[in-house]
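Take a moment with the structure shown here. Then follow the walk below, step by step.

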Amino acid sequence: MRLDKMLSECGVASRSEVARACRKGLVLVNGAPAARPDLQVDETTAAVVYCGALVRYRKFVYLLLNKPSGYISATEDGSDPVVTDLLPPEYRRMGVFPCGRLDKYTVGLMLLTNDGDLSHRLLAPKNHVAKSYRFTCEKPLSNDEKTALEAGVDIGGYFTKPCQIELTAPCEGTITITEGKYHQIKRMLEAVDNKITFLERVTFGGIALPPDLKRGEWRELNDEELNLLKNS
């Protein structure tokens with residue numbers, strides 16, 4: 001792989017920045033200065049140092065974010081802040097994007113990656129990847145309404161698949177779904193003449209929102225979480 005391609009894929013620098021750093025002797029490969037940005041390197045074994053920092057090659061990254069309210073689940077927007085604004089520049093340079101969407105005012109667990117294949121598999125309806133949300137609704141949810149929601153309701157020309165609801169209070173609980181239609185949970189509650197007043201995603205594909213991860217904070221998935229995700 002070309003040296004500049006490796007460093008750009010790692011989010012370290014653009015190809016033009018790598019070329020300038022090479023001319024200044026700021027890029028080392030296996031201890032020797034790299035004279036040219038098109039130098040061929042073995043990205044799996046080469047010891048590459050860019051501006052004094054050792055670079056470990058990774059084609060894909062997987063991040064867990066505790067999404068705050070008011071952020072759009074996108075990489076850019078004309079007026080509102082987007083979730084990738086919360087990440088350091090190197091991840092944005094690697095092309096990280098949100099895996100699925102949370103509504104602007106829905107908070108909680110969001111996955112971001114540049115692995116398009118995994119994202120597609122996680123979001124494909126046929127794979128039935130479970131996602132759980134903690135919710136508060138405007139009016140108490142009766143047993144009949146809970147039963148109707150769990151069986152599936154009409155949300156405007158689409159009948160939702162079965163879900164699970166655990167109530168912790170008359171107006172509070174957790175709902176687990178295996179699909180992700182536009183504003184789905186809000187529309188489901190509206191179908192039983194109710195209204196969502198708070199919604200927080202707490203699990204995705206077996207991964208739980210860490211209790212110590214504050215709103216707006218993020219971290220990379222650990223190996224156990226990544227395996228859970230890939231096997232979900």
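How accessible is E220: buried, exposed or partly exposed? E220 is partly exposed, because its relative accessibility is 27%. Buried would need a value under 20%, and exposed a value over 50%. Keep in mind that this is a predicted model.

Now look at the partner of E220. R58 forms a salt bridge with E220. Their closest N and O atoms are 2.7 Å apart. Why does this pair tie together separate parts of the sequence? R58 lies in the loop between β4 (53-55) and β5 (62-67), and E220 lies in strand β13 (residues 218-220), so the bridge links parts that are 162 residues apart in sequence. R58 has a relative accessibility of 21%, so R58 counts as partly exposed.

E225 is found in helix α7 (residues 223-231). Is E225 buried or exposed? E225 counts as buried, because its relative accessibility is 11%.

Next comes a second salt bridge. The side chains of K104 and D80 meet, N to O, at 3.2 Å. K104 sits in the loop between β6 (97-98) and β7 (107-113), while D80 sits in the loop between β5 and α3 (89-93), so this pair ties together parts that are 24 residues apart in sequence. K104 is partly exposed, because its relative accessibility is 26%. D80 is partly exposed too, with 25%. Elsewhere, salt bridges that share partners join R134, E200 and R215 into one network.

A further pair is R36 and D38. Their side chains meet in a salt bridge of 2.9 Å, N to O. R36 is partly exposed at 45% relative accessibility. D38 is partly exposed at 30%. How many salt bridges are there by this rule? The count comes to 13. The rule asks for a side-chain nitrogen of Lys or Arg within 4 Å of a carboxyl oxygen of Asp or Glu.

Turn now to a sheet. Four strands form an open sheet in the order β2-β1-β3-β4, with antiparallel pairing. Which strands are at the edges? The edge strands are β2 (32-33) and β4, and each pairs on one side only. Strand β1 (residues 27-29) and strand β3 (residues 48-50) pair in the antiparallel sense. Three bridges connect β1 and β3. One place to look is L28, whose bridge partner in β3 is V49.

Follow the chain out of β1. N30 is found in the loop between β1 and β2. N30 is not a glycine, yet its phi is positive, at about 55°. N30 counts as exposed, because its relative accessibility is 54%.

D193 gives another case of positive phi. Its phi is near 60°, and D193 is a residue other than glycine. Where is D193 found? D193 is found in the loop between α6 (184-191) and β11 (196-204). With a relative accessible area of 58%, D193 is exposed.

Note on methods
Residues numbered from 1 in each chain as written. Predicted model: local features only at pLDDT ≥ 70, side-chain atom pairs only at ≥ 80, totals over all residues. Heavy atoms only, no water. Buried < 20%, exposed > 50% of the residue type's maximum accessible area, 1.4 Å probe, protein only. Helix = DSSP H or I, 4+ residues; strand = E, 2+ residues; numbered from the N terminus. Pairing = 2+ DSSP bridges.
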